[in-house]
Amino acid sequence: MNTSLVKPSAPLPAETPQEISRRRFFEKLSLALIGLCSAIVGLPLIGFIVAPFFRKAPREWVTLGKPDDFQIGKTVAVTVNDPSSLPWAGVTAKSGVWLRRVTTDSFIAFSANCTHLGCPVRWLESADLFMCPCHGGVYYSDGEVAAGPPPKPLFRYEVRVVNGEVQMKQAIVPISTTL
Ligand code: FES
């Protein structure tokens, strides 16, 4: 190879003080924008992660209806409003429970969430069973596991009959095998 054809590159012209200060300005502006964007994206994410540790569990009694609204031996779906929900929660403030009237003054409120991975279970009256559509979990009418992957019976809320009303105490429903 003939190196005599390779011309040495010309030295770069020295930057003027104006160019240096303009470059520093844009470097600082870029860093500021990166910091601002990180804060915009990161703060809500951090809030989402830590909020559950500071949120108090709802532990209020909520009314499900009057005793005579429910037939003895029947299991029905009841919609419950979360008393601790935020004003803008909308339909997400509603949840469902399965309520069974066992005797005149005895009720059982089951969580609608499967204890395997939390899918909503359905009550099949003709089979007298709760069925989970996700992985085939099956529960008896008393909430005990009949078949499938659920590790525990359906969660039961506390229920009482007070002043002619059936009331249920809200609770955090334990879901998954690790709880
Ligand atoms: S979530 Fe119900 S069986 Fe898996």
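Student: What pLDDT do side-chain atom pairs need to count?
Tutor: Residues are numbered from 1 along each chain as its sequence is written, and side-chain values use heavy atoms, with hydrogens and water left out. This is a predicted model: totals for chains, interfaces and linings use all residues, local features need pLDDT of at least 70, and side-chain atom pairs need pLDDT 80 or more.

Student: How many aromatic pairs are there?
Tutor: Rings of Phe, Tyr and Trp (its six-membered ring) pair if their centres lie within 6.5 Å. Planes under 30 degrees apart are stacked, over 60 edge-to-face, the rest tilted. The count by this rule is 6.

Student: What type of aromatic pair do Phe25 and Phe26 form?
Tutor: The two ring centres are 5.3 Å apart. Phe26 is partly exposed at 46% relative accessibility. With 70 degrees between the planes, Phe25 and Phe26 are edge-to-face.

Student: How many residues apart are Phe110 and Phe130?
Tutor: This pair is edge-to-face as well, at 5.3 Å centre to centre and 65 degrees between the planes. Phe110 is in strand β4 and Phe130 in strand β6 (residues 129-131), so the pair links distant parts of the chain. The separation is 20 residues.

Student: Are Phe110 and Phe130 buried or exposed, and which residues form a cluster through ring pairs?
Tutor: Phe110 has 0% relative accessibility and counts as buried. Phe130 is likewise buried at 0%. The cluster consists of Trp98, Phe110, Trp123 and Phe130.

Student: How many strands does the protein chain have?
Tutor: Elements are DSSP runs, numbered from the N terminus: helices are H or I of at least four residues, strands E of at least two. The chain has 1 helix, and its strands number 10.

Student: What is the strand order in the open sheet?
Tutor: Strands pair if DSSP finds at least two bridges between them. The sheet has 6 strands, and the pairing is antiparallel. The order is β1-β10-β9-β4-β3-β2.

Student: Which are the edge strands?
Tutor: An edge strand pairs on one side only. The edge strands here are β1 (61-65) and β2 (75-81).

Student: Over how many bridges do β4 and β9 pair?
Tutor: Take the pairings in turn. β2 and β3 (residues 94-103) have 7 bridges, and β3 and β4 have 6, with a hairpin joining them through 2 residues. In β4 (residues 106-111), Ala109 stands opposite Tyr157 in β9. For β4 and β9 (residues 156-162), the number of bridges is 2.

Student: Which residue makes a polar contact with the side chain of Gln167?
Tutor: Gln167 is in strand β10 (residues 165-169) and counts as buried at 10% relative accessibility. A polar contact is a pair of N or O atoms within 3.5 Å; within protein, one must be able to donate a hydrogen and the other to accept it, and sequence neighbours count only if both are side-chain atoms. At 3.2 Å, the partner is Glu165.

Student: Which residue lies over the face of Trp61?
Tutor: Contact means heavy atoms within 4.5 Å, and Gln167 touches residues including Trp61 and Arg160. A charge sits over a ring if NZ of Lys or CZ of Arg is within 6 Å of the ring centre and within 35 degrees of the ring normal. At 3.9 Å from the ring centre, that residue is Arg160.

Student: How far apart in space are Arg59 and Asp82, C-alpha to C-alpha?
Tutor: Arg59 is in the loop between α1 (17-54) and β1, and is partly exposed at 44%. Its contacts include Glu158 and Lys169. Arg59 and Asp82 are 23 residues apart in sequence; in space the distance is 9.9 Å.

Methods: Buried means under 20% relative accessible area, exposed over 50%, partly exposed in between (1.4 Å probe, protein chains only). Lists of a residue's contacts leave out its neighbours within four places in sequence.
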